[in-house]
Amino acid sequence: RLHHPSATASHDQAHTTRRVARAAARHRRSRGARTKRLGSHGDLRLERRDRGRLLHPCTSHVVPVRRRNQGDLAHHQQLRQGNARTCTGSRGVLCAVRATKETRKQPVIHRRLTASMRAKKRCHRWCGHCKALQPEYEKAAKALEGIAKVAAVDCDAHGTLAQQHGVQGFPTIKMFSVDAKGKQQVSDYNGGRTADALVDYVLTSLKKQAKAKLGKGTSSGKGGSSSGGGFYPASSDVVMLSDEDFEEQVVQDDDVWFVEFFAPWCGHCKALKSDWMAAARQLKDKVKVGAVDCTGPGQSVCQKYGVQGFPTLKLFNKGAKSSPIDYQGARDQASITEFALQFWVDTSGPPEVHELTDHQVFVDHCLGKEGKAKVSKCFIAFLPDILDTGASGRNEYIKALQDAAAKYKSRSYAFFWTAAGMQNKVQTAVEVGGYGYPAFVAYAPKQNMFATHKGSVSADGLDPFFELPSGFVEVRGAFPVLDTVAAWDGLDGELPEDEFDLDELLRED
């Protein structure tokens, strides 16, 4: 207990403050004894000096611990009851008192407002964020009554406990739970500081634990998690990821992934949302685009990869998933797409040129399913018959197509070839066949239009056509279904055997 003389100030405040500071300094020098921390409470750290004495926070007097003053105790009682907010010590030093529901039951703690004490950082400021959170936290506690226990820890009074759990700022919110195996789990809450956000987080976590005990995940049919509060709609090309499927979906996958680590309440994340979805559409079939909710079932993943702010964008390259690349560029669709495409171009192999052996090949790489085109342009080469060019001549044409595919692989293009006469319905639809082979056609699946190249088939002649095809006309009706034909075996062609005997024809003549 602290002895607190109740004499009123009789001297000038500034003059008295300087006197007190000098007196305290003289006393410290004269004692010379090593001090031992008694502990801290509120805005004051107490120190124990030798022979059981306490340094009085207001007067800097060293007084016996057992010494009491009835008048001071009455004044302290008023402070405990919240009837007094400030007091004046015997040397006229102003002391501020924090009178709250918790501290009313504790010995009254004063904070001496002198320059010397502030310089030594012996006083802690009262946490404004904690005060702002208090009403929302109490609402959440009432809403979760009977569902989850909501508690609070005074880190001034229980500093050791705060250190054990790595508390470095205030307020820090942690959730303690038990997984399906009976192991305690501790997770940091980084969501919004509202009652709704707190309740949603707890309920989502409890739902996840219940599903885990049933042996079921929380992933959606799209292969990603259904978490995130619907932040990204299921119809978008952004794959929602969670702690449960991140390893399988991203780390063990052979494709390149571009992942956003976000928080639903984050204003910058909301601003990025439309651009991220647009980039996912542009990068489709080249770079997979995902998102992780760091306030929901993706917390462990976010901690693993050191996410400290929102949104954080990381690119996971195949073969180096443990060391993702941080994206530091502009957060717009064009910049994001350009970065990911350039990375994909530099690291991926040459694209494949597909032979049109059946309709499914054209659907998988050009038309897409349910009217969702895979690419913007599909280039089809109708090559001469194998008897006209032989295997070497055909391979030269295919090599030219492969070079063009490699040159323009950053674009939304797909390349195909077929031999003359093998896909007659397609030839009729795109009006090929009346001027010889090879013939090259550009088909736009979204518009169902085509353009035909009628110039030189050399590299110089084809480049402008691949660069910017023009002269598109609409296909009459729907694009035809391709015939199923045998794939080329890579060999030279053979003339068909005669179906009649020439000698017999000559004899008949």
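Visitor: Is Cys 294 buried or exposed?
Guide: Cys 294 is buried, at 2% relative accessibility. Buried means under 20% relative accessible area, exposed means over 50%, and partly exposed is in between, using a 1.4 Å probe and protein chains only. This is a predicted model, where local features need pLDDT of at least 70 and side-chain atom pairs count only at pLDDT 80 or more, while totals for chains, interfaces and linings use all residues. Residues are numbered from 1 along each chain as its sequence is written, and side-chain values use heavy atoms, with hydrogens and water left out.

Visitor: What does a disulfide join Cys 294 to?
Guide: To Cys 302, with an S to S distance of 2.0 Å. A disulfide here is a pair of cysteine sulfur atoms within 2.5 Å. Cys 302 is buried as well, with a relative accessible area of 5%.

Visitor: Left-handed or right-handed, the disulfide of Cys 294 and Cys 302?
Guide: Left-handed, because the torsion about the S-S bond is about -85 degrees.

Visitor: How many disulfides does the count come to?
Guide: Two disulfides. The other partners are Cys 366 and Cys 378, whose sulfur atoms are 1.9 Å apart. The torsion about the S-S bond of Cys 366 and Cys 378 is about 105 degrees, so that disulfide is right-handed. Cys 366 lies in helix H11 (residues 359–367) and Cys 378 in strand E16 (residues 377–383), so the bond ties together parts 12 residues apart in sequence. Helices (H or I, at least four residues) and strands (E, at least two) are DSSP runs, numbered from the N terminus. Cys 366 and Cys 378 are both buried.

Visitor: And Cys 130 and Cys 269: buried or exposed?
Guide: Cys 130 is partly exposed, with a relative accessible area of 28%. Cys 269 is buried, at 0% relative accessibility.

Visitor: Back to Cys 294 for a moment. Gln 299 is in contact with which residues, leaving aside its neighbours within four places in sequence?
Guide: With Ser 187, Asp 188, Tyr 189, Tyr 201, Asp 243, Asp 293 and Cys 294. Contact means heavy atoms within 4.5 Å. Gln 299 is in helix H9 (residues 299–304) and is buried, at 7% relative accessibility.

Visitor: Change of topic. What is the mean pLDDT of the protein chain?
Guide: It is 74, and 70% of the residues reach 70 or more. Over residues 33–125 the pLDDT is below 50, and this stretch has 181 contacts in the model beyond near neighbours in sequence. Residues 217–229 also stay under 50, and the model has 35 contacts for them beyond four places in sequence. pLDDT is the predictor's confidence in each residue, from 0 to 100. Where it is low, the predicted coordinates should not be read in detail.

Visitor: How many aromatic pairs does a search of the whole structure find?
Guide: It finds 27. One of them is Phe 258 with Phe 339, a tilted pair at 5.8 Å centre to centre and 40 degrees between the planes. Phe 258 lies in strand E11 (residues 256–262) and Phe 339 in helix H10 (residues 333–347), so the pair ties together parts 81 residues apart in sequence. Rings of Phe, Tyr and Trp (its six-membered ring) pair if their centres lie within 6.5 Å; planes under 30 degrees apart count as stacked, over 60 as edge-to-face and the rest as tilted.

Visitor: Which residues do ring pairs link into a cluster?
Guide: Phe 379, Tyr 408, Tyr 413, Phe 415, Phe 465 and Phe 466.

Visitor: Where does the charged end of Lys 286 sit?
Guide: Over the ring of Trp 344, 5.6 Å from its centre. Arg 394 lies over the face of Trp 488, at 5.1 Å from the ring centre. The rule asks for NZ of Lys or CZ of Arg within 6 Å of the ring centre and within 35 degrees of the ring normal.

Visitor: Last one: which residues of the largest nonpolar core touch the most other members?
Guide: Tyr 232, Phe 246, Phe 258, Phe 261 and Trp 276, in a core of 42 residues. Elements giving two or more residues to this core include helix H7 (246–251), E11, helix H8 (267–282) and H10. A second, separate core has 23 residues, among them Leu 356, Val 426, Val 432 and Tyr 443. A nonpolar core is a set of buried Ala, Val, Leu, Ile, Met, Phe, Trp, Tyr and Cys residues joined through side-chain atoms within 4.5 Å.
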